[in-house]
Amino acid sequence: MLLVMADSVPMADPSVREMEIDGDITLFHAATQTALVLNGTASDVWRLIDGERTLEEIVAALDQAYDADPETVRAGVDSALTQLREHGLLASGNSSISTNTSSGR
Amino acid sequence: MHSLASAIEESADLLLHAGAVERAGQAVLFPGESGVGKSTLTAACLIRGFGYITDEAVALDPDTGRVTGLARPLMLTPWSTEALGLDPALGGWSDESADKLAFTAQSIGARAVTEPVAVGHVVLVRRSGARSNPVIEPVAAGEVLAAVLAASFNHYRLGERAWEAAARLSTQVQGWRLDADEPVAAADAILRLLPQRLEAPTTAVEASPAL
């Protein structure tokens, strides 16, 4: 599984175009010709990805915005980042993300 | 659009797997995979007075946002034919599908719409299974966009242009989720979405005499 470090700094792939439609984010990845529509949580995570905020700072920002426990927010952010990475929407080599076959984060 | 296979390889339009009908200059699209009930719902709408665009595929012009339909008869299963109360003798056995009857729009009493039409509504159809009455509710533009992209035949050829056209369409239409089983009741629910034409009063209104 993916192990996402708290101090990692996710950054959007430069070939990704984004559009906001009625509050949701849609992305187009030119390199893979893939279009994606993000759900609410993923849209919020994407808006906070600026190449400067760490994962921990993104979680903290959403902790304040959501009425949910921190573990749930963290799990949602991890899931969103994993899916964004799987679709090639995050730049590689800019964050401390590694593979791990053990369970847990 | 006369041949879907050649259009997929050649067209500059975004081709969508969708049924489509027209009323008051607006197209209503039903994107979805085979088996979701596009043809049956399209036929039900024709019975309720809509114009026929297609029961299978539309071409969306990215520049104008208007759609034209794949020119072909409606393909209905014997179950759909019976559910709609259509006389099977009005149709002929389809060359494309051995278990379906082919009906022209005219045989159902509807007009065929061949000119490009602006899209007013996108209806995401789902068979409810349990509900007796259709339920139609608005959906967000993002959900419409996801459905439109999933219904596209040729987005892989058009790339970014397809994404832009689908996103533009999603923000310009009203999106709906329709849960229904009975096709004519579903068509009535769609009909209620559209502005009704005001009828002229049958008697003149006389001015009240001044008091």
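User: A polar contact is a pair of N or O atoms within 3.5 Å, where within protein one must be able to donate a hydrogen and the other to accept it, and residues adjacent in sequence count only if both atoms are side-chain atoms. Which residue caps the N-terminal end of α1(A)?

Analyst: This is a predicted model, in which local features need pLDDT of at least 70 and side-chain atom pairs pLDDT 80 or more, while totals for chains, interfaces and linings use all residues. Residues are numbered from 1 along each chain, chains are lettered from A and ligands numbered from 1 in the order written, and side-chain values use heavy atoms, without hydrogens or water. Helices (H or I, at least four residues) and strands (E, at least two) are DSSP runs numbered from the N terminus. At helix α1(A), a side-chain oxygen lies 3.3 Å from the backbone nitrogen of Thr41(A), and the residue that supplies this cap is Asn39(A).

User: Which elements are included in what covers the buried residues of α1(A)?

Analyst: Helix α1 of chain A spans residues 40-48, and its buried residues (under 20% relative accessible area, with exposed over 50% and partly exposed in between, 1.4 Å probe, protein chains only) are Ala42(A), Ser43(A), Val45(A), Trp46(A) and Leu48(A). Their cover, counted by contact (heavy atoms within 4.5 Å), includes, from chain A, β2 (16-21), β3, α2 (55-65) and α3 (70-86).

User: Which three residues supply 47% of the area that chain B buries against chain A?

Analyst: The contact takes 12 residues from each of chain A and chain B. Buried area, the accessible area (1.4 Å probe) that two parts lose on being put together, summed over both, is about 1,100 Å² here, with 73% from carbon and sulfur atoms. On the side of chain B, more comes from one trio than from any other three residues, namely Gly142(B), Glu160(B) and Trp163(B).

User: Which residues are linked with Arg17(A) in a network of salt bridges?

Analyst: Between chain B and chain A the count is two salt bridges, each a side-chain nitrogen of Lys or Arg within 4 Å of a carboxyl oxygen of Asp or Glu. Arg17(A) bridges to Glu164(B), with the closest N and O atoms 2.4 Å apart. The network joins Arg17(A) to Glu160(B) and Glu164(B).

User: How many residues apart are Arg111(B) and Glu22(B), whose side chains meet in a salt bridge?

Analyst: The N to O distance in this pair is 2.5 Å, and Arg111(B) is partly exposed at 45% relative accessible area, whereas Glu22(B) is buried at 8%. Arg111(B) lies in the loop between β8 (101-103) and β9 (117-127) of chain B and Glu22(B) in strand β1 (residues 14-23), so that the pair links distant parts of the chain, with a separation in residues of 89.
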